Amino acid sequence: MPYCEVGKAPSSDDAALNNGIQIYYRTYGHGPTKVLLIIGLAGTHDSWGPQIKGLAGTDRPNDDESMEVDREPDGAHNEVGGIEVCSFDNRGMGRSSVPTKKSDYTTRIMAKDAIALLDHLGWKKAHVFGHSMGAMIACKMAALVPDRILSLALLNVTGGGFECVPKLDRKSLSIAIRFLKAKTPEQRAAVDLDTHYSEEFLEEIVGSNTRRSILYQDYVKGITASGMQSNYGFEGQINACWRHKMTQAEIDLIRSGGFLVSVIHGRQDIIAQINHARRLAQKLQPVARMVEFHGAHLVTHERTEEVNQALLDLIKASEMKMSPHEWTNVPKKSSEASSRTSVEREGNRILAKIHIYILYIFSLFMMALKYARSALQRLKPARVEASSLK
C-alpha cells in the first residue's frame with residue numbers, strides 16, 4: 001500500500017510530533033507536470049475522481065499493475081505535455097492515521113503532511129489544488145513553501161473560523177438535524193447529497209432515474225467501502241477548520257510567491273458561502289482570478305468539464321509565465337469601498353456570533369433529546385398481573 005510516513009520525511013521539522021503518522025496516497029498518469037490534490041472535510045483521495053480523470057487522462061492508479069492503464073487518446077492532459085496527479089487521505093480520514101488529540105489537527109499541521117508527501121514523491125514543485133478544508137490546507141502550504149508552488153487553486157474555500165458556519169435558513173437547519181442523526185451509510189448518503197449538490201442538479205432525469213437516485217447508490221457504496229469517519233477524525237478536522245486563519249503576513253507570502261491563483265466556487269454552495277471566497281480573492285489580488293459556476297459545494301462534480309477546464313487554464317497560464325495583471329479578473333477596490341467593506345465585515349462578524357450561539361443552543365437541545373430518548377428506552381414499565389387487580 002502506498003503510504004508516506006510523515007515523521008520520516010527528510011525535511012520534517014516535527015518528526016517527534018508526527019512519529020507514526022501515515023498518509024495514504026495514490027498517483028495517476030505520467031508526465032513532467034505534477035499536480036497535488038488536497039481533499040476537504042470527511043473526504044477521501046478518490047473524491048477527486050472527476051478531476052483525476054480530467055487532468056491525468058486516467059483514473060487507474062499507477063501502482064495498480066494488475067490493471068491495464070486506460071488513457072483517453074484526446075485527453076486534456078495532452079495540452080500541457082502530460083500530467084501526473086497525486087491525491088491522498090488527510091489525517092483523520094480514510095486509510096491515513098487517525099490521531100486522537102484535537103491538537104494534532106490544524107491546517108498548518110496538515111499542510112506539513114502535504115509537504116512531507118511532496119518530499120516522499122520526490123516532487124520539488126507542484127501545482128496545488130485544494131477543495132473546501134483542503135483549500136484552507138493549500139493556503140497554509142503555499143505560505144509555508146511558496147517556492148514549491150507552481151500554481152494554487154482554491155475550490156469552495158472560506159477563511160475558516162466563523163466563515164465555516166453555513167448559511168442559516170430552513171434548508172441548512174434541516175440538513176444539520178439530519179446530519180446529527182445520521183448513523184448509517186444510507187442516512188449519511190441522503191444528507192450528503194443535499195449538502196453537496198444543488199436541488200435542480202439532483203432532480204435531473206438521467207435515463208429512467210433521477211440523478212439523486214443514481215448518486216445515492218454510489219454514495220452508499222462509497223461510504224460503506226471507506227467506513228463512516230471516526231469521531232476522532234471528524235472532530236479533529238472540524239477543529240482544524242474552526243481554528244484556521246490566514247494572517248496578513250501569510251496572504252502577502254502567497255501574493256509575492258510568484259505563482260497564479262484561481263478561486264473557484266459554486267454560487268449555490270450552502271456550506272462555504274461564496275462571499276467569503278470573493279473576499280479571499282480580493283485579498284490575493286492581483287495574482288488571483290475569481291471563477292464562479294452554477295453549482296453547490298461539490299461544484300467539482302456538478303460542473304466537472306468547466307472546473308477541469310479552469311484548472312487546465314491555470315496550469316497553462318503558469319506554464320506560459322502569464323503576468324498576474326493579465327491573469328486577474330478581480331477589480332481593485334477604492335479606499336471608500338474598502339472602508340465600506342470593513343463596516344460590512346464587522347456586521348458579518350456580529351451576525352456570525354449570533355448564528356453560532358443559535359447553533360450552539362440547537363446542538364445542546366439535540367444532545368438533551370438524544371439522552372432523554374436513551375433514558376426512556378431504559379425505563380421498562382412494570383407488568384401488572386390481572387390477578388393482582390382483583
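Proline 286 is located in the loop that lies between helix 10 and strand 10. The structure described here is a predicted model. The peptide bond that leads from glutamine 285 into proline 286 is cis, and its omega is near 15°.

Two further loop residues deserve mention. Arginine 303 occupies the loop between helix 11 (299–302) and helix 12 (304–319). When neighbours within four places in sequence are left aside, the contacts of arginine 303 are Phe201, Phe293 and His294. Arginine 303 and glycine 266 are 37 residues apart along the chain, and 8.9 Å separates their C-alpha atoms.

An open sheet is formed by eight strands, ordered 1-2-4-3-5-6-9-10, with mixed pairing. Strand 1 (3–5) and strand 10 (288–293) are the edge strands; each has a single partner strand, so one side of each has no neighbour in the sheet. From one strand to the next, the twist averages 25°. Within this order, strand 6 (residues 149–155) and strand 9 (residues 260–266) run parallel and are joined by five bridges. Serine 151 has leucine 260 of strand 9 as its bridge partner.

Helix 2 (residues 107–121) lies across several strands, namely strand 1, strand 2 (22–28), strand 3 (33–38), strand 4 (83–88) and strand 5 (126–131). Relative to strand 2, helix 2 runs at about 55°.

**Helix packing**

Two packed helices are described by the angle between their axes and the distance between those axes. The table gives these values for two pairs, both of which involve helix 3 (residues 133–144).

| Helix pair | Axis distance | Crossing angle |
|---|---|---|
| Helix 2 and helix 3 | within 8 Å | roughly 70° |
| Helix 3 and helix 9 | within 8 Å | roughly 75° |

Because angles of 65 to 115 degrees count as roughly perpendicular, helix 2 and helix 3 are roughly perpendicular to each other. The residues of helix 2 at this contact are Thr107, Arg108, Met110, Ala111, Lys112, Ala114, Ile115 and Leu118. They meet Met133, Met136, Ile137, Lys140, Met141 and Leu144 of helix 3. By class, the contact of helix 2 with helix 3 comprises 10 nonpolar, one polar and three charged residues.

Helix 3 and helix 9 are likewise roughly perpendicular to each other. Here Cys139, Lys140, Ala142 and Ala143 of helix 3 meet Glu250, Leu253 and Ile254 of helix 9. The contact of helix 3 with helix 9 has five nonpolar and two charged residues, and no polar ones. Lys140 is listed in the contact with helix 2 and also in the contact with helix 9.

**The second largest pocket**

Rolling a probe the size of a water molecule over the atoms shows where empty space is left. The second largest pocket holds about 460 Å³ of space. It is lined by 20 residues, of which Gly159, Glu163, Lys245, Met246 and Lys283 are the closest to its centre. Two or more lining residues come from each of helix 8 (231–243), helix 9 (248–255), helix 10 (274–283) and helix 14 (335–378). Helix 10 supplies the largest share of this lining, with four residues. By class, the lining of the second largest pocket consists of five nonpolar, eight polar and seven charged residues.

Notes: Residues are numbered from 1 along each chain as its sequence is written. This is a predicted model: local features need pLDDT of at least 70, side-chain atom pairs count only at pLDDT 80 or more; totals for chains, interfaces and linings use all residues. Side-chain values use heavy atoms; hydrogens and water are left out. On a 1 Å grid over the protein atoms alone, a cavity is a set of points where a 1.4 Å probe fits but cannot get out, and a pocket is an open set with protein on both sides within 12 Å along at least five of seven lines; lining residues have an atom within 4 Å of a point. Grid points are joined across faces, edges and corners, and a volume is the space filled by probe spheres set on the points. Ala, Val, Leu, Ile, Met, Phe, Trp, Tyr, Cys and Pro count as nonpolar, Asp, Glu, Lys and Arg as charged, and the others, Gly among them, as polar. Two strands pair if DSSP finds at least two bridges between them. Axes are lines fitted to C-alpha atoms, for helices over the stretch in contact, and angles run from 0 to 180 degrees between N-to-C directions. Contact means heavy atoms within 4.5 Å. Angles under 35 degrees count as roughly parallel, over 145 as roughly antiparallel, 65 to 115 as roughly perpendicular and the rest as oblique.
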